Amino acid sequence: MVKAAVLGASGGIGQPLSLLLKISPLIDELALYDVVNTPGVAADLSHISSVANLKGYLPKDDGLEHALTGADIVVIPAGIPRKPGMTRDDLFKVNAGIVQTLINGIVKFCPEAFILIISNPVNSTVPIAAEILQDAGVFNPRHLFGVTTLDVVRAETFVQEYSGERDPSKAKIPVVGGHSGETIVPLFSQANPALDIPADKYDALVHRVQFGGDEVVAAKDGTGSATLSMAFAGFRFAESVIKAFKGEMGIVEPTFIYLPGVPHGAAIAKATGVDFFSVPVELGADGASMAIDILGSATKKEKELLDISIKGLKGNIEKGIEFVKNAP
Ligand code: NAD
Ligand code: LMR
C-alpha cells in the first residue's frame, strides 16, 4: 500500500500533478493539502474511477497532520511562482518560510517519507529541508530529493532534431548541477544514444535548457511559470521513486541530493566542493541508493559550465542553510 501526499495541491502544478497521481495504479491513497481550495480539487478528482482513495485537507482541523500521517512519499509544489523579470532566488523570501513550515510537519508526522521538493528556489529549499531534518535528528539523505526532472525533460525535447527519436523521452540526457539558469548543466556528451550536435548549435541548446523556465514565464506574461510540463516531470520522478520503492531495479534519474549522505556521493562532493548537487542517482527500495559520478567524463566545454554552476550553487546552498541557522 502506498500513500502519497501533495502539499500545495490546489496550485498550478498541484492540480495537474494530483490528477496524474490519482490515475496512477501505483498509488493506493492520495492526500491533497493546501491552504486554500482543496475541498473542491479533491471532490472533483475523487470522481475519477481509478485506484487511489483520495482526500483533501486544509490547515484547519489538523489538516496537515492528517494529510501526512502514514505518507510514504510527499511531493511539495507549494509556494509562489516567478513573474517576468524575477529570478528564482527572488522567491526565496516567501517560499523559504513555506517550505520550512511543511518540512516541520514532515518531521512530526512522517519523518521517514520520501520528500520531493519542487518549490523554488530548489537550490536553496532542499538545503533548508536538509538542515531542518538534521536539526530534528531525522535526516535520511537517501529520502530527500530536489526535483530537477523538468530540466531533463526539456533537454530531451530540445535535442529531438539531433537525437532523431520519434519519442524524445527515449534520449537519455543527464542534466546536472542545480535548478536555475547557469547552475543547470546539460551533459550532451553523455547522451545515450549519442547525439551529433553541430558545433554552431551547441551554445544555443545549452542556453535553452538553462533558461527554458524563462521562456514559459515570458509567454505566461505575469500569470505564472511552468505548471503543466512541471506536473508531467514531477509525476515522472515520483513514479520512478515509487517503482523503485516497490522493488523495480535499474531506475536512474538525475536529482538534487545531499551528496555526502548517499553512497558514492562523498567523492563527488569532494571533487565539486559542494554538498548539494544534481547527479544521476540510482533509485532503490530505500530511495537514493547510489550517486553516479559522470562528471569526470565531461568535455572541456562542459567542465567550464560545471565550474560556473558550482560557483552559483555555493551561494544558493549557503543561503538556505543560513536561513535555518538564523531562524528565531
Ligand atoms: P501556484 O501559485 O499556482 O501554486 C502554489 C500553491 O501553493 C497555491 O495553491 C498555494 O495556495 C499553495 N501554498 C502556499 N503556501 C502554502 C502552504 N504553507 N502550505 C500548502 N500550500 C501552500 O504556483 P505553481 O505554479 O504551482 O508553482 C509552485 C512552485 O513550484 C513555485 O515556487 C515555482 O517556482 C516552483 N516550480 C518549480 C519547478 C521545478 O522544476 N522544480 C518548475 C516549475 C515551478
Ligand atoms: C522552471 O524551470 O520552469 C521552474 O523552475 C519555474 C521557473 O521559475 O522558471
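Predicted model: local features only at pLDDT ≥ 70, side-chain atom pairs only at ≥ 80, totals over all residues.
Let's start with ligand 1. It has 34 residues around it, and G8, G11, G12, I13 and N120 are the closest of them. Helix α4 (residues 92-109) is the top contributor to that shell, with four residues. Both domains take part: domain 1 (3-147) and domain 2 (149-318) each supply at least three residues to the shell.

Next up is H179, where UniProt, in an unreviewed entry, puts the feature "active site". You'll find H179 in the loop that links β7 (175-177) and β8 (184-186). Is H179 buried or exposed? H179 counts as buried because 27 other C-beta atoms sit within 10 Å, and the cut-off for that label is 20 or more. Leaving out residues up to four places away in sequence, H179 touches V122, N123, G146, T148, D151, I184 and F256.

Now for the two domains, 3-147 and 149-318 in the domain assignment. Their C-alpha centres are 21 Å apart. The contact between them involves 35 residues of domain 1 and 40 residues of domain 2. On the domain 1 side, the elements giving two or more residues are α1 (14-22), β4 (73-76), β5 (114-117), α5 (122-135) and β6 (144-146). Of that side, α5 provides the largest share, six residues.

Note on methods. Residues numbered from 1 in each chain as written. Chains lettered and ligands numbered in written order. Near = placed C-beta within 6 Å. Domains from an automatic or database assignment. UniProt positions renumbered as here; feature names shortened; annotations may be inferred. Buried ≥ 20, exposed ≤ 12 C-beta atoms within 10 Å, placed from the backbone. Contact = placed C-beta atoms within 7 Å.
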